[in-house]
Amino acid sequence: MKALRDNSKLGKLLLFTFSAYLIYQTLVLVAITFEGLLIHRIINGKEYDEYEVEFSDTIISIINYGDYLFVFSASIIFICWMYRAYKNVAELNKLIQFTPTLAIWGWIIPFANFFIPYQIMKEMNMEFTKVLI
């Protein structure tokens with residue numbers, strides 16, 4: 001039996017990414033609130049500057065790109081973590097249901113991504129529970 005590969009660095013990186021995303025979403029909430037106040041002022045016929053509108057649109061565009069970046073990076077990190085964890089399960093038990101590479105492709109294949117990742121996580125949970133008990 002090969003030694004199990006350490007997966008803690010990817011796990012910590014994933015937790016850091018999710019934590020940074022939560023902080024980022026707090027900033028998004030502030031930006032959207034200010035945009036809502038600007039829209040409210042425009043609707044009520046109060047004064048507004050063209051610069052404010054352009055700045056608000058620019059901030060919202062940056063926010064959208066930031067969301068894409070966070071979701072894409074967190075997805076890649078999570079899939080890498082899941083692959084390594086499932087590969088460790090394969091080292092513990094040679095009779096696994098799927099191949100470790102399917103832990104990656106299971107997220108990409110249309111319609112299969114609804115059940116393969118769930119089955120893999122379920123199997124990982126059962127195998128690691130056996131080891132820990």
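**Helix packing and a pocket**

Q: Are α2 and α4 parallel or oblique to each other?
A: This is a predicted model, where local features need pLDDT of at least 70, side-chain atom pairs count only at pLDDT 80 or more, and totals for chains, interfaces and linings use all residues. Residues are numbered from 1 along each chain as its sequence is written, and side-chain values use heavy atoms, with hydrogens and water left out. The axes of α2 and α4 (residues 116-132) come within 10 Å and cross at roughly 50°. Angles under 35 degrees count as roughly parallel, over 145 as roughly antiparallel, 65 to 115 as roughly perpendicular and the rest as oblique, so α2 and α4 are oblique.

Q: What classes of residue make up the contact of α2 with α4?
A: Contact means heavy atoms within 4.5 Å. On the α2 side, the residues include F78, W81 and M82, and on the α4 side P117, I120 and M121 are among them. By class, that contact has 13 nonpolar, 1 polar and 2 charged residues.

Q: How is α1 oriented relative to α2?
A: α1 and α2 pack with their axes 10 Å apart, at an angle of about 160°. That makes α1, relative to α2, roughly antiparallel.

Q: Which helices each supply at least two residues of the lining of the largest pocket?
A: Lining residues have an atom within 4 Å of a pocket point, a pocket being an open set of points on a 1 Å grid where a 1.4 Å probe fits, with protein on both sides within 12 Å along at least five of seven lines. The lining includes F34, L38, F55 and I59. The helices (DSSP runs of H or I, at least four residues) are α1 (8-43) and α2 (50-92).

Conventions. Axes fitted to C-alpha atoms, helices over the stretch in contact; angles between N-to-C directions. Nonpolar A, V, L, I, M, F, W, Y, C, P; charged D, E, K, R; others polar.
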